[in-house]
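Hello,

Here is the structure I promised to pass on. Please open it alongside these notes; what I found follows below.

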Amino acid sequence: SSTDSVVNYLSKSNTKVTVYLFTGSLEKKLKMDEALKARQPTKELRLKRKILGKDGGRVEQVKWGKDNQLLTLTSGASSLTSLLVWDAPSGIRTHLVIPMYSWLLASAIEQKEGQFVACGGLENICCVYKLESGSESIETASAELKQHDGYISDIKFVHGKERILTSSGDSECILWDVEKQMSTTVHSGHDADVTGIALNPAEPDVFISGGVDNTVKAWDMRVGKTVATYDCGHEVNHVSYFPDGNAFCAALGNSECKIFDDRAGGLYKTFKSPTGNSECKMAQFSNSGRLLFACYDDETCFAFDVAVDDGPAQRLDSDKVRAKCLDVHPQGYALAIGDGGSGKDTSVKIFWP
């Protein structure tokens with residue numbers, strides 16, 4: 001059966017695996033066919049391409065854009081940081097963005113048209129840059145979004161280029177009108193730094209935020225109010241939604257990845273690094289929701305099978321791959337891992353099923 005292939009776990013297809021998350025008591029488990037429950041992936045993700053290479057700088061973030069665009073946030077000597085846009089299949093760099101400000105911590109690329117990128121960091125400003133055709137090097141921002149009183153921790157384009165959502169060390173999330181360069185809604189409610197945000201794939205006006213106050217909060221952008229709060233028991237480093245928007249994962253500072261069922265309002269499952277107590281830096285679901293990819297601060301990376309309670313289905317780091325960050329392709333057929341590497345020889349590894 002084609003369901004024995006990781007291809008179906010990562011891609012949207014007629015034979016994709018469907019995982020149902022329960023809405024009842026918290027003790028209830030996933031509802032699925034017994035045959036599916038016993039299956040493990042039989043094909044491993046294969047390392048297909050390496051881009052960047054020597055002197056490319058340390059890869060801090062990697063983000064997929066439109067089609068096969070790939071954005072990397074790289075850091076070099078001192079505070080020098082740059083945004084590089086690549087054509088992933090060929091490994092050719094298409095754009096270089098030289099930011100107006102240093103010490104960048106967050107980046108984003110608009111996925112509908114693939115013409116805009118954004119970045120922010122310790123200067124408390126989110127800058128937006130247009131990827132001009134025929135211009136490889138870009139130095140001037142098309143918009144500067146200024147209102148935060150703390151560092152910019154995460155950035156998301158909100159279903160197009162017109163709006164941007166940012167999170168910050170000032171404990172707030174702000175929704176921006178990019179053209180007017182003004183905030184439209186300020187979301188206040190966290191008691192400490194907000195470390196990450198994620199947009200609900202099914203509800204365009206709903207997002208979640210994770211913070212140092214050990215909580216994940218769900219928000220409605222239309223009113224700027226919290227609609228739910230989840231206690232994670234530890235500092236939250238990163239948040240991501242399940243593909244259907246009914247569940248989410250919180251990557252925690254104590255090496256755990258916790259999956260919450262939004263409809264039941266509680267914890268469903270917890271995964272932990274098998275290598276020790278390394279801090280979980282980020283976690284993201286495959287497009288089917290069957291696999292959960294998690295990246296740790298000891299530069300390990302694992303793929304957990306959400307349908308079973310055993311250990312990870314596959315380890316993706318090795319002597320050739322030291323995982324720093326990751327991102328799943330929007331269409332699900334590739335996984336990009338930023339390789340911490342050693343010295344200046346760092347790169348992005350592309351895995352294909």
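Accessible areas here come from the Shrake-Rupley method with a 1.4 Å probe. On that basis the protein chain exposes about 15000 Å². Carbon and sulfur atoms supply 45% of that area. Buried residues make up 55% of the 353 residues.

Note that this is a predicted model. The mean pLDDT of the chain is 82, and 80% of its residues reach 70 or more. Strand β11 (residues 152-157) has the highest mean among the elements, at 98. Helix α1 (residues 6-10) has the lowest, at 34. Over residues 1-44 pLDDT stays under 50, although the model has 93 contacts beyond four places in sequence for them. Where pLDDT is low, the predicted coordinates should not be read in detail.

Now the fold. The chain has 29 strands and 2 helices. Of the contacts with a separation of 6 or more, 47% are between residues 24 or more positions apart.

The largest nonpolar core has 28 residues. L70, F293, L326, L335, I337 and I350 touch the most other members. Strands that each supply at least two residues of this core include β2 (58-64), β4 (81-87), β24 (291-296) and β28 (335-342). Another core, of 17 residues, lies apart from it; F242, A247, A294 and Y296 are among its members.

One surface feature to look at: W103, L105 and L122 form a nonpolar patch, with about 300 Å² of accessible area together. W103 sits in the loop between β5 (92-97) and β6 (104-109). W103 counts as partly exposed because its relative accessibility is 45%.

Best wishes

How values were computed: Residues are numbered from 1 along each chain as its sequence is written. This is a predicted model: local features need pLDDT of at least 70, side-chain atom pairs count only at pLDDT 80 or more; totals for chains, interfaces and linings use all residues. Side-chain values use heavy atoms; hydrogens and water are left out. Patches are made of residues with over 30% relative accessible area and no salt bridge: like charges are joined within 9 Å, nonpolar side chains (Val, Leu, Ile, Met, Phe, Trp, Tyr) within 5 Å. A salt bridge is a side-chain nitrogen of Lys or Arg within 4 Å of a carboxyl oxygen of Asp or Glu. Helices (H or I, at least four residues) and strands (E, at least two) are DSSP runs, numbered from the N terminus. Buried means under 20% relative accessible area, exposed over 50%, partly exposed in between (1.4 Å probe, protein chains only). pLDDT is the predictor's confidence in each residue, from 0 to 100. Contact means heavy atoms within 4.5 Å. A nonpolar core is a set of buried Ala, Val, Leu, Ile, Met, Phe, Trp, Tyr and Cys residues joined through side-chain atoms within 4.5 Å.
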